[in-house]
Amino acid sequence: MSKIGVFICHCGENISATVDVVRVAEAAGKLEGVEFSTDYKYMCSDPGQTLIKQMIKEKGLTGVIVAACSPRMHEPTFRKACSSAGLNPYMCEMSNLREHCSWVHDKSEATTQKAIDLVRTLVGKVKYNKPLYSIKVPVTKTALVIGGGIAGIQSSLDIANAGHQVVLVEKDPSIGGHMSQLSETFPTLDCSQCILTPRMVEVAQHPNIKLLTYAELEKLEGFIGNFKATIRKKAKSIDEDLCTGCGTCITKCPTKKIPSEFNTGLGKRTAIYVPFPQAVPNKPVIDKENCLYYKNGKCKICEKVCPTGAIRFDQEDELVELEVGAVVVATGFDVMEPSKFSEYGYGKYKDVITGLQFERLASASGPTLGEIRRPSDGKIPEKIVFVACAGSRDPSKGKPYCSKICCMYTAKHAMLYQHKVHHGESTIFYMDIRSAGKNYEEFVRRAIVEDDVKYIRGRVSKVYEENGKLIVKGVDTLLNAKPVEIQADMVVLATAAVANSGAEELAQKMHISYDAYNFFSEAHPKLKPVETNTAGIFLAGACQAPKDIPETVSQASGAAAKVAILFSQDELSREPVVAVVNRSAPPLYSTCVGCFMCATACPYQAIGEELITNRKGEVIKRVAKVNPGLCQGCGTCVAFCRSKSIDIDGYSNEQMYSEVMALLND
Amino acid sequence: MNEFEPKIVAFVCNWCTYAGADLTGTSRIKYAQNVKIIRFPCTGRIDFMLLLKSFGEGADGIIVSGCHPNDCHYTSGNFHARRRWIMFRGLLDMLGIDVRRIQYSWVSAAEGAKWADVVNTTVTAIRELGPYTDYAKVAGYLEKEANV
Amino acid sequence: MKIGFYPGCSLTGSSREYNESLLAVAKVAGIELCEISDWNCCGSTAAHNLNRELSVSLPARNLALAELEEMDELVVPCAACYNRLVMTQHELAEKPEIKALIEGKLKMTLRNDIRILNVLQFLEKHIVPRLDELVKSPLTYDVACYYGCLLVRPNQVMKDERFEDPMTMDLIMQKLGANAIDWPFKTECCGAGFSVSKTEIVGELSGKIVRSAVDRGAKAIVVACPMCHFNLDMRRPVIESYLQRKIDIPVIYITQAIALAMGLSAQQAGTQRHFVPVNLTVNR
Amino acid sequence: MKELIQKAASLLETNVVQVVIGYGKGSADRTRAIFSTTAADCEQLIFDSRCIQNLAVYLTKAEIKKMGKPAIVAPLPVLRSILQLAAENQITDDSLVVLGVSPESELIEFESLAAIETYLATKQIAIEEKYQTTIKAIKAMPVSERFAYWVKELEPCFKCYACRAACPLCYCTRCTVENNQPQWISVASHSLGNLEWHIMRAMHLAGRCTDCEACYNACPMGIPIYLLTKSMLQDVSENFGTYGPSLHRDNTLSSFNPDDKESFIR
């Protein structure tokens, strides 16, 4: 027989102003199974909690109901209090009299009656509560970091420096990401590669970091602390142990005209290549799609010239299985393909380029060695027009969101251009200048005031060629909305930052959610910005939303800290709200008949099979079995089981049934 | 005679609709008292038998609500639930159990106002439909009550 | 399938040749266009600026009539009429309460499922697939396809990714043998209604369009909107006074171009009705 | 049916199986299930149009399992049930021999369960038109009238559970109706109990029922309970496209499509 204590909270006046708490306590006291009931001003206060503890001991309570605010607010508080008084915390439940009653109804008889109904309903449930014990799961103290851009690099280094093992997986032949493509960075104009490459080298040399480049996540199974990741190491066609990175193969490779990804198509590379001189690891890979040998079966020049015999044409993709305890997703972003904007002439006119291409033009390591020369004829442009928001803040053709980095990099581009071409003229068409950030606004002002960059507030409607010039038609909304036409030598489109093309697929592999634009979703927009909804998987950098370098690095360190916190314990405690397959006396052993439809319904692959054997070891029955480590407690299997052989602790059939009965029977 | 006050049970998931109803509270949006919430971990957990039992015990209406498609905390519990509801609703309809008395909805943790609206429109709709006497007669609880 | 036809006022007045050439082309292709009996004004620009209810009711009545006559598709050649009818259909579909209101006013019900086609959509669907057999004397000159504003807008209804740089007419003209030039004024404003109130604006705006077409070597400008035609053709003297030069490039409807390519006479294509003489015998 | 008898006898003689589940003569003009354990027993096997009982129901019965590996005489409805049982992990290729009987009463031997699926692919379950008409007519009734109709139809039910016993897919070792903690279904055979029982039965068969009508054939009161499962079969096909037993497709209710369409969730 239950001895339940019911504690009605006034919540100051939040509840008592509309609910007659004294009557609720009175009514609760009369319910079957209720041993004690009272009301109190603040149940969550120290004296309030002490009252509960005292009554548990004094009355020998077997269950506690705190009728106060939402359990999402204070359930842990009261469960802890019960626990300290010797009552199993899962014998305590909260009735939501504040959010679900007093705050949403006016003071009236009906409101008090509803409060009584809510308490009675929960008494019905708590009668059938059972003591539960938290589940301990071990933690594998190795982190998987996916993506070797600045976010992945930062996370890896932080986790490794905290003393934990890291496996960093990068899909390209080198780590470095977009940051390695940038020329100078705003707002300080320090050289991007100068600050990045030391970090890249540190990653490569760190004893706690294992670097897998040219590799991608194939599969992720398991759960927090206990993931099993399968990584596909794409065949590099190189024996990395033998290769010394001397580069002879690259100089001799006959296929030299492949557009370089690193140089955004503005430069060329060979079929056997390292993406850029400072690449980490600085060992080449063979691009199978363009290699003559893979295409026609003839060539093998690289094999002939390699002094160490490191070329392996027969190398195949390799699948590596890793046990990891946490995952940091740092897969970055991409820039929108501007061919959608045919009115801007991208693809039609060689001198209409993207911002990322401009970075390569301005970079000392770029195809023009840092001189701003236009792609069509290599001339130095006298007039450049920059188009901000090419695809951003454009619900009709592009993306409705702001890409956040374009205002700053466009100002930077114009500034770099002015610094390199003193007599040049740069014009920026913009919607708004968004320069919130430390020293950002000052940076933009400097571009305007010191470098004479002309800002025109308005959009560009069309870019077309006439007499060898690019005519940019736009509007200046600040000059009585006069149409403007500028004859430019080059046009730079600040194309929107978008999610990587494989983002959706990757999210599905990891069972994390993503938004309408395929950016990965954080668990909470404010309070859990680096967590995902899947415990143990964290986000860093622009895979979550467009962001600049300092923000990316902060988030990456945040994610690393979360991983370090997770790894600071040997075991994790998990809520014991999990499903269980029943057991009964022989000859049934279990009422489960082993149809395993629960297993197909389970979102976590948490249901496997168990063979019940007799003493001789003969199999008598094949039934379903829930792995409590994998089960997340959704209960979908419970509602699905026809013979009611699976039940879920904390929301059991008896509890829920009794709750419904109690609600409807006053 | 007072106006008929329907008894409505709401079966909601913990992560979206329960949290959404919390937001209705913190936003102080008012709604009718007739609806009482029972919290489930997920819409996937909501057993059709419990809905049936509710009518048997005198509920005039039922709300079933959870996370929008693709928002499920457990990734797919709501998708399973949706299939189950499609089949269950079809069966009830075939049997002449008034499907207008069960309001299904997706209410996210951010949709406090929507929750109030779902409650109010359901209460209005059930009030118009009147007490579920058809089922009550079968369930026999009216006699039960009369005997008490 | 029954294809309906809503001419609107322009096609019975200032752009009769548009009407004639469309019907001539349809006839050659063996397609019957059934004019809605008792059609009324689409509301034009005036209605949706003055009375929103009226601006929906007027096109809605035409749609309801088309439904009564069991038309599956409705061809609306005038770009402005098309815009009003499509917007109305969109609004009726999106807002059931407005639909109920309008149905009440009209005392007619609407299924609202008729497929409304502008002239380009009609041509693409019913004529283009058969052009190979129908073209008898391919066109041999360079043309500038001019779309204007309404054929490709509003984007949320038309859902055309290339509304700033459309290609449909260009592709049709290529099929007729002509070379559609790449030019930047495809969707620039012609001046539209200023044709009546401030003619000098039309002179400037349409002037720039005409000049660009001529300078890039076009021998004709191809249009699909009565208003555009009106401004580029009939307002030629104003254009010439703005440009300070004589320009004799003709402006033809896409349907006229097809009619000519099909080997129909100038009379059948209605090219004799233009202000700027259509003299397109110049070969490339 | 010489062929069938010979095949059955040889299976027993060679000890490939230990029991043959088939049809034999019953009382009056009826047929019943017989369980042959010797070649001689097999002489009593018959097959004709009166053999409508779904023998697949015996495959999951403990008593039959004890007899050893079975061979089963399987006309179309039994084949469908066998396939569904296989999909639900109740039988495997090794656990039985299927003696298929075609609609033309010819013996078909199946190499594997997969072969049954291939065979059934051309014989999709189809709701007969007369039932479609009846279902349509019932659904056209006003809701109260419809409810009254069913309450009346179900009134004669006295919960003998013959429908359950006859159904090859009701193989649970403890039916929820026998679960009294909590008491999901009102025990008594009053209107509410009957209604709850039949709703639960139909829901448990949603997406699984192969439309063999065994439940109806077994019902001593002749209640047209198959209308419920037939109506649900229609719902499955209308809402989710495919239906019918399959080894490789997940069950309708234990799977989903993110794009499932409905019109009633706001």
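Mentor: Let us begin with chain C, whose radius of gyration is 19 Å, in agreement with the value near 19 Å that a compact globule of 284 residues would have; the radius is taken over C-alpha atoms, and the globule rule is 2.2 Å times the number of residues to the power 0.38. This is a predicted model, in which local features need pLDDT of at least 70 and side-chain atom pairs count only at pLDDT 80 or more, while totals for chains, interfaces and linings use all residues. Residues are numbered from 1 along each chain as its sequence is written, and chains are lettered from A and ligands numbered from 1 in the order in which they are written.

The C-alpha trace of chain C spans about 55 × 45 × 35 Å along its principal axes, and 50% of its 284 residues count as buried, a word that here requires 20 or more other C-beta atoms, placed from the backbone, within 10 Å of the residue's own. Of the contacts in chain C with a separation of 6 or more, 78% are between residues 24 or more positions apart, where a contact means that C-beta atoms, placed from the backbone, lie within 7 Å. Chain C has 15 helices and eight strands, these being DSSP runs numbered from the N terminus, with at least four residues of H or I for a helix and at least two of E for a strand.

Within chain C, four strands form an open sheet in the order 6-5-7-8, with parallel pairing; two strands pair if DSSP finds at least two bridges between them. Strand 6 (179-180) and strand 8 (251-253) of chain C are the edge strands, each pairing on one side only. Strand 5 (residues 142-145) of chain C is joined to strand 6 of chain C by two bridges in the parallel sense, and Val143(C) has Ala180(C) of strand 6 as its bridge partner.

Strand 27 (residues 490-495) of chain A is largely enclosed by the rest of the structure, because six of its six residues are buried. Met490(A), Val492(A) and Ala494(A) cover one side, while Val491(A), Leu493(A) and Thr495(A) lie on the other, and all are buried. In a regular strand the side chains alternate between the two faces of the sheet. Strand 20 (residues 352-354) of chain A pairs with strand 27 of chain A in the parallel sense over three bridges, Ile353(A) having Val492(A) as its bridge partner. Strand 21 (residues 383-390) of chain A also runs parallel to strand 27 of chain A, with five bridges between them, and Phe386(A) stands opposite Val492(A).

Chain A also touches chain B, in a contact that takes 37 residues from chain A and 35 residues from chain B. On the side of chain B that touches chain A, helix 1 (17-26), strand 2 (35-40), helix 2 (48-56) and helix 3 (77-95) of chain B each supply at least two residues, and helix 1 of chain B gives the largest share, six residues.

Chain D, finally, is assigned domain 1 (2-120) and domain 2 (129-254), bounds that come from an automatic or database domain assignment. The centres of domain 1 and domain 2 of chain D, taken over C-alpha atoms, are 26 Å apart, and their contact takes 18 residues from domain 1 and 14 residues from domain 2.

Conventions:
Contact = placed C-beta atoms within 7 Å. Buried ≥ 20, exposed ≤ 12 C-beta atoms within 10 Å, placed from the backbone.
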